[in-house]
Amino acid sequence: MKRLTPALMHLALLTYTVVALFPVFVILINSFKARKAIFREPLALPDADSFSLVGYQTVAMQGDFLLYFQNSMIVTVASLTFILLFGAMAAFALSEYRFRGNTLMGLYLALGIMIPIRIGTVAILEMMVKTGLVNTLWALILVYTAQGLPLAVFILSEFMKGVSDDLKNAGRIDGLSEYAIFFRLVLPLVRPALATVAVFNMIPIWNDLWFPLILAPAEEVKTLTLGSQVFIGQFVTDWNAVLSALSMAILPVMVLYVVFSRQLIRGITSGAVK
Amino acid sequence: MPKPHVLIFLAPAVLVYTAVMIYPLFDTLRLALFAADGQERVYVGLANFRRLFLDPLWSDQFWNALGNNFWFFLIHMLVQNPIGVALAALLSSPRLRFAAAYRTAIFVPTILSFVIVGFAWKLILSPIWGIAPSLLDAVGLKSLFAPWLGKEAYALTTLALISVWQFVGIPMMLIYAALLSITEEILEAGEVDGITGMAAFWKIKLPLILPSIGIISILTFVGNFNAFDLIYAAQGALAGPDFSTDILGTFLYRTFFGFQLQLGDPYMGSAIASAMFGIILVGVCIYLFGIQRRLRHYQF
């Protein structure tokens with residue numbers, strides 16, 4: 001075979017697209033159907049007969065999804081803020097100044113790119129219990145910040161090396177402090193890299209189950225991922241409720257994805273992770 | 001001694017990273033050398049590891065989880081990477097319409113949480129609901145259906161394939177990026193020598209994307225050896241049926257946190273975490289010193 005024809009290529013890609021989207025589609029359409037219709041015709045779209053919101057009503061009454069959503073939002077936004085701010089500051093120090101131990105510090109911070117933070121869970125839990133942070137959102141924010149920093153420093157310092165020295169020196173001659181040079185000159189210039197780092201970190205933080213389960217399982221600090229896991233576990237035989245809860249968990253990530261997908265895909269394909 | 005502003009720029013990141021990541025990591029390795037004696041913590045040396053590797057009460061579970069983990073990884077390497085390469089090769093062909101739409105759609109599963117993915121597939125494969133059997137029926141293969149997640153022989157492979165379904169977007173994207181970076185000149189030089197179409201893929205593009213495949217392999221390795229969420233969401237902490245889907249992550253969770261009547265044991269948990277650390281370290285070293293160097297060498 002010399003070359004695949006365009007028609008064959010579209011057929012292959014279309015087939016895989018169906019495989020990728022089919023489960024999401026099935027969950028979403030069935031969440032709007034009455035129990036009988038879910039079982040009778042699982043692949044049919046909801047119509048006037050089978051349409052029902054009973055699952056969503058159960059979810060609204062039994063689970064505190066608004067609170068879970070709020071918790072996830074706080075944890076994700078706060079962690080991203082710290083990752084970007086602290087990461088950019090450290091990246092600036094490493095890429096801008098020559099000092100003893102610069103390379104060593106860079107290597108030390110890069111260690112965490114390959115080693116998953118989960119390995120240290122036992123001691124992290126012990127520390128959070130000792131400091132009274134267990135069952136607070138702070139425990140999660142600290143862990144996700146620490147986990148996100150290594151890659152953030154690595155990507156951002158690569159970008160900061162590309163910021164022109166002339167610009168920074170002009171700022172220095174104009175009497176700007178080193179802090180002003182960082183916040184007013186460099187940070188705005190590396191915005192695309194900041195966005196890439198944010199998008200890379202956002203999804204794993206939002207979706208994590210391990211740390212919420214171990215560090216913050218209490219009702220008032222549950223994240224959406226843990227909240228839906230527990231809810232679905234309890235309502236396992238109530239198919240309407242399970243399907244509705246799944247749909248509600250899918251919704252926020254899908255919105256985020258639609259908003260940020262170009263950024264995410266550009267970030268990956270620009271070779272930011274190497 | 002660096003200037004004060006340098007220290008101020010470095011301090012927050014270094015402090016958080018050291019306190020929440022590096023210190024607990026080493027503290028966990030240290031805790032693996034202790035055991036509980038009533039309320040006291042006593043130093044026991046390597047006794048925890050001896051129990052973990054040799055005492056049948058523990059070692060059966062450990063070797064089972066480790067073996068399952070290798071199988072889990074193998075399925076990823078054998079299925080995820082070829083599909084990812086194939087999709088990327090299709091997407092990167094010039095003048096393909098709707099490439100961006102396909103890319104966006106195929107990446108969707110990767111952004112979903114394990115909880116959603118685990119339950120969604122559990123429902124779809126469930127014999128009660130019957131989506132999977134009726135789909136197989138439509139293509140005349142109904143006899144092939146089995147409650148895959150409930151059978152010891154198939155459950156782990158099924159979960160590995162679900163995980164592949166979820167993450168195939170990542171190799172696809174990374175290889176897509178690598179394929180785009182191959183310059184026209186190289187391909188044209190090939191064409192002059194009569195290498196076109198599929199031959200160009202095998203003889204020119206594939207060797208050039210090998211470094212990306214190396215990166216994907218090590219990312220997959222690290223990801224698989226601390227995986228937990230999908231198994232927990234789909235099969236629970238007991239990783240049923242009969243521990244057939246137990247991997248190191250679920251084994252660590254059960255040991256450390258306890259389940260049902262068994263109390264949690266942070267010291268044995270630390271020992272398992274240390275073993276996982278060792279395995280990941282060996283994998284990363286093989287990659288860094290064995291594979292990556294050779295690939296770099298091969299490129300020029």
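**View 1. Buried area between domain 1 and domain 2 of chain A.** In this predicted model, domain 1 of chain A and domain 2 of chain A bury about 790 Å² between them, and 69% of that area lies on carbon and sulfur atoms. On the side of domain 1 of chain A, the residues A:Ile27, A:Ser31 and A:Arg35 together account for 52% of the area that this domain buries against domain 2 of chain A, more than any other three residues.

**View 2. The two domains of chain A and the residues in contact.** The domain assignment of chain A places residues 6-52 in domain 1 and residues 64-269 in domain 2, and the centres of these two domains, taken over C-alpha atoms, are 34 Å apart. Ten residues from domain 1 of chain A and nine residues from domain 2 of chain A take part in the contact.

**View 3. Helices on the side of domain 1 of chain A that touches domain 2 of chain A.** Helix H1 (6-31) and helix H2 (35-40) of chain A each supply at least two residues of this side, and H1(A) gives the most to it, with five residues. Sorted by class, the residues on this side of domain 1 of chain A comprise six that are nonpolar, two that are polar and two that are charged.

Conventions
Residues are numbered from 1 along each chain as its sequence is written. Chains are lettered from A and ligands numbered from 1 in the order in which they are written. This is a predicted model: local features need pLDDT of at least 70, side-chain atom pairs count only at pLDDT 80 or more; totals for chains, interfaces and linings use all residues. Side-chain values use heavy atoms; hydrogens and water are left out. Domain bounds come from an automatic or database domain assignment. Contact means heavy atoms within 4.5 Å. Buried area is the accessible area (1.4 Å probe) that two parts lose on being put together, summed over both. Helices (H or I, at least four residues) and strands (E, at least two) are DSSP runs, numbered from the N terminus. Ala, Val, Leu, Ile, Met, Phe, Trp, Tyr, Cys and Pro count as nonpolar, Asp, Glu, Lys and Arg as charged, and the others, Gly among them, as polar.
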